[in-house]
Amino acid sequence: MKAKKFEQQFEDGADIMVSLDLSKARRVQQAQKRVNVDFPTWMIDSLDREASKLGVTRQSVIKVWLAERLQATTSHVPLQRTPKVATQR
């Protein structure tokens with residue numbers, strides 16, 4: 001199918017999924033690579049509490065927070081710091 005016809009089907013609201021070969025689809029720059037990081041116990045406890053509050057895994061919290069930090073760093077936008085809450089360690 002020519003791109004123009006495909007684009008027209010999309011614009012018309014037709015189901016274009018039947019025209020795609022998803023077996024060869026890939027997510028650009030989304031390849032996974034495993035790394036090991038050692039954290040102090042207090043940090044793991046804090047991550048677990050935050051993950052529990054959000055209803056997600058510890059890994060999800062770490063990924064989101066790192067992504068936010070990296071995005072702020074590369075876009076030169078100051079990172080919004082959350083208010084510090086008194087915690088017991």
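Student: Hi! What should I know before I start?

Tutor: This is a predicted model, where local features need pLDDT of at least 70, side-chain atom pairs count only at pLDDT 80 or more, and totals for chains, interfaces and linings use all residues. Residues are numbered from 1 along each chain as its sequence is written, and side-chain values use heavy atoms, with hydrogens and water left out.

Student: Okay, how many residues does α2 have?

Tutor: α2 has 14 residues and reaches 20 Å from its first C-alpha to its last, close to the 20 Å expected at 1.5 Å a residue. That expected span is 1.5 Å times one less than the number of residues. Helices here are DSSP runs of H or I with at least four residues, numbered from the N terminus.

Student: Which residues of α2 are buried?

Tutor: They are Ile44, Leu47 and Ala51. Buried means under 20% relative accessible area, exposed over 50%, and partly exposed in between, using a 1.4 Å probe and protein chains only.

Student: And where do they sit around the helix?

Tutor: Seen down the axis of α2, the buried residues fall within an arc of 65 degrees, so they line one face of the helix. The arc is that of the directions from the helix axis to the C-beta atoms. These buried residues pack against α3 (58–75), with contact meaning heavy atoms within 4.5 Å. On the other side of α2, Ser52 and Lys53 are exposed.

Student: New topic: how many salt bridges are there?

Tutor: A search of the whole structure finds 3. A salt bridge is a side-chain nitrogen of Lys or Arg within 4 Å of a carboxyl oxygen of Asp or Glu.

Student: Which one involves Asp48?

Tutor: Asp48 pairs with Arg58 at 2.7 Å, N to O. Asp48 lies in helix α2 and Arg58 in helix α3, so the pair ties together parts that are 10 residues apart in sequence.

Student: What does Glu50 pair with?

Tutor: Glu50 forms a salt bridge with Lys53, with the closest N and O atoms 3.4 Å apart. Both lie in α2, 3 residues apart, about one turn of the helix.

Student: And Asp21, what does its side chain meet?

Tutor: Asp21 meets Lys24 in a salt bridge of 3.8 Å, N to O. Lys24 is exposed, at 68% relative accessible area, while Asp21 is partly exposed at 47%.

Student: Last one: which residues form the nonpolar surface patch?

Tutor: Met17, Leu20 and Leu22 do, with about 270 Å² of accessible area together. Patches are made of residues with over 30% relative accessible area and no salt bridge, joining like charges within 9 Å and nonpolar side chains (Val, Leu, Ile, Met, Phe, Trp, Tyr) within 5 Å. Accessible areas come from the Shrake-Rupley method with a 1.4 Å probe, and for residues only the protein chains shown count as cover.

Methods. Helix = DSSP H or I, 4+ residues; strand = E, 2+ residues; numbered from the N terminus.
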